[in-house]
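The following paragraphs walk through a structure, starting with the contact between its chains and then taking each chain in turn.

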Amino acid sequence: MNGPPDSAELEALRLSLEVAVRSVGFSLPFAVLAAWVLTRVRFPGRLLLDAFVHLPLVLPPVAVGYVLLLLFGAHGPLGAWLRTRFGIQLAFTTAGAALATAVMSFPLMVRAIRLSLENVDRGLEEAARTLGAAALDRFVSITLPLILPGVLAGAVTAFAAGLGEFGAVITFASNVPGVTRTLPLALYTAMQSPGGDALALRLAMLSFALGLLGLLAAELLVRRVRRYVGG
Amino acid sequence: MLEISVLKQLPGFRLDATLTAPTPGVIALFGRSGSGKSTLTNIISGLVSPDVGTVSLDGEALTDIRRGISVPAERRQIGYVFQDARLFPHLSVISNLHYGERRNRRAAAIVGFDEVVALLGLAPLLQRKPRQLSGGERQRVSLGRALLSRPRLLLLDEPLASLDVSRREEVLPYLVALRDRLSIPMVYVSHQFEEVLRLATHLVLLEAGQVLAEGPVDEMSLYPELQSIIGPDLVGAVVEGQVTRVSAETGIADLAVGSGVLQVSLRDAPVGARVRLQLLARDVILATQPVQGLSVRNALPSTVIAISDDEFGAALVRVDVGGPIVLARITQNARRALNLRPGDAVWTLVKAVSTRGHAFTLAPGS
């Protein structure tokens with residue numbers, strides 16, 4: 001346990017970080033949009049959209065991965081379109097692992113952003129309006145800075161959760177070493193292989209440390225930003 | 001000219017208001033809380049749309065529901081100072097001030113940045129964040145921010161209501177300075193009659209969503225409905241006059257009012273200044289014969305115009321003091337003892353010291 005981590009661990013760590021970063025980058029704009037629509041727009045079917053956004057929280061991750069496979073697989077409607085149109089393949093790739101992770105952590109992000117959106121004093125947006133700011137301008141100059149703590153909290157929580165996404169990733173993107181074998185998948189593989197106990201323990205400890213670090217960083221970051229925006 | 005005729009149905013409340021007020025000047029929307037002042041202000045600003053009706057400023061339609069006109073709030077160029085200041089918490093004072101200025105570069109500047117900072121005493125606050133400001137400071141920044149957005153009209157919705165008395169005194173002189181130095185029309189929402197006395201040029205009386213009456217402040221002070229809103233102790237005729245003589249040593253100034261002269265307790269008003277004075281009805285004394293040996297400084301020959309029973313069980317006598325009308329509250333016993341009738345010649349007695357704190361400069365003398 002004392003030597004430097006061997007390449008399998010490093011590779012899993014690097015992949016986990018890459019997948020988590022890409023998943024956050026991918027889902028963040030959509031999460032802000034979804035949170036905004038859910039808090040600010042009154043329309044029939046809002047409840048249904050709300051439930052749909054939260055679905056990954058309650059579904060078995062394997063089911064989410066399976067649905068993604070049906071949609072984005074080589075023969076799925078979206079997968080076929082993406083491949084013929086843009087030459088993009090998602091299933092069994094790192095990008096696919098990021099997509100699966102993004103879908104799974106989407107509700108976490110929406111929840112955090114939504115909470116801070118609900119706390120924004122609408123009076124400030126009205127004041128901005130009387131000062132000549134149109135809708136998009138108001139959102140960028142007032143609303144977005146005020147919900148920044150929530151956006152960051154959502155992003156970091158989603159990032160930390162994304163490091164450990166297992167079921168959806170293994171179902172949609174499979175367990176390809178160096179491509180989709182992230183920390184939890186490497187841990188699972190090590191547990192399954194004879195003599196892999198020591199590696200499994202190291203990977204487990206790595207995951208544990210990473211998760212703890214992520215959550216602490218999130219809390220500190222949010223505190224700093226909150227102080228900055230004076231909320 | 002600000003012309004409004006709007007109808008707005010809200011849950012449990014209906015606003016049905018029509019008014020025409022001169023601009024520039026300070027138009028006071030005065031009434032109890034819940035009378036519709038804020039709704040009306042929001043309609044003028046464009047933040048709220050009326051069900052039907054029109055709002056026009058200096059001949060230009062801002063809202064005309066029938067003709068499908070509704071200029072969005074962000075393009076109305078109407079500055080709004082909210083009761084709770086609503087400074088942007090993530091921006092410094094200077095960035096708050098620039099917020100509206102930056103978005104209205106094409107409008108004609110009424111006042112420059114440096115002038116606003118000087119006028120409102122904002123220089124020491126510029127680098128601070130809103131949470132580091134006192135309530136009075138916040139309101140001053142909010143006022144500056146609205147002014148710098150180059151408004152054609154400034155709405156002030158009870159800007160002093162959330163401040164304690166000493167903080168009010170910290171902001172009020174700035175408002176007076178704005179009125180006297182800049183010619184921006186203002187709509188001032190208040191339920192404090194003293195603020196109206198100090199600031200307003202035109203008074204609109206609102207009650208239960210309707211305009212009861214509107215007009216110049218001195219005329220409106222005689223209006224019976226105003227009396228029931230402000231309560232018996234604040235009832236009193238407002239008269240306006242010009243300072244003809246001042247005595248720094250006694251703090252007493254001579255005020256030419258109509259054909260007479262009133263000695264009033266007033267400091268800091270130069271000769272030539274226009275002054276508005278409220279003579280509280282309870283402080284005014286009537287005499288049917290010339291009096292001698294009294295300490296009262298003012299004895300104006302006058303004529304009784306009308307006598308009414310007020311709702312507080314006393315009699316309210318209207319007297320003509322040689323142009324202006326003054327109200328005197330006397331007991332029913334006094335009324336019977338003096339046998340007062342409309343047309344009677346009387347002397348109206350006003351103690352000079354009773355005017356202390358009730359006289360305000362309207363415009364500095366030339």
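How many residues does the contact take from chain B, and how many from chain A? In this predicted model, chain B gives 22 residues and chain A gives 16 residues. On the side of chain B that touches chain A, two elements supply two or more residues: strand 7 (78-81) and helix 2 (93-102) of chain B. Strand 7 of chain B makes the largest share of that side, with three residues. Sorted by class, the side of chain B that touches chain A holds nine nonpolar, seven charged and six polar residues.

Chain A has 10 helices and zero strands. Its C-alpha atoms fill a box of roughly 70 × 45 × 30 Å along the principal axes. Chain A has 231 residues, of which 40% count as buried. Among its contacts between residues at least 6 apart in sequence, 75% join residues at least 24 apart.

Chain B is divided into domain 1 (2-228) and domain 2 (236-363). The C-alpha centres of these two domains of chain B lie 33 Å apart. Where they meet, nine residues of domain 1 of chain B are in contact with 14 residues of domain 2 of chain B. On the domain 1 side of this contact, at least two residues each come from helix 6 (193-199), helix 7 (217-220) and helix 8 (224-230) of chain B. By class, the residues of that side of domain 1 of chain B divide into three nonpolar, three polar and three charged.

Conventions:
Residues are numbered from 1 along each chain as its sequence is written. Chains are lettered from A and ligands numbered from 1 in the order in which they are written. This is a predicted model: local features need pLDDT of at least 70, side-chain atom pairs count only at pLDDT 80 or more; totals for chains, interfaces and linings use all residues. Helices (H or I, at least four residues) and strands (E, at least two) are DSSP runs, numbered from the N terminus. A residue is buried if 20 or more other C-beta atoms lie within 10 Å of its own, exposed if 12 or fewer, and partly exposed in between; C-beta atoms are placed from the backbone. Two residues are in contact if their C-beta atoms, placed from the backbone, lie within 7 Å. Ala, Val, Leu, Ile, Met, Phe, Trp, Tyr, Cys and Pro count as nonpolar, Asp, Glu, Lys and Arg as charged, and the others, Gly among them, as polar. Domain bounds come from an automatic or database domain assignment.
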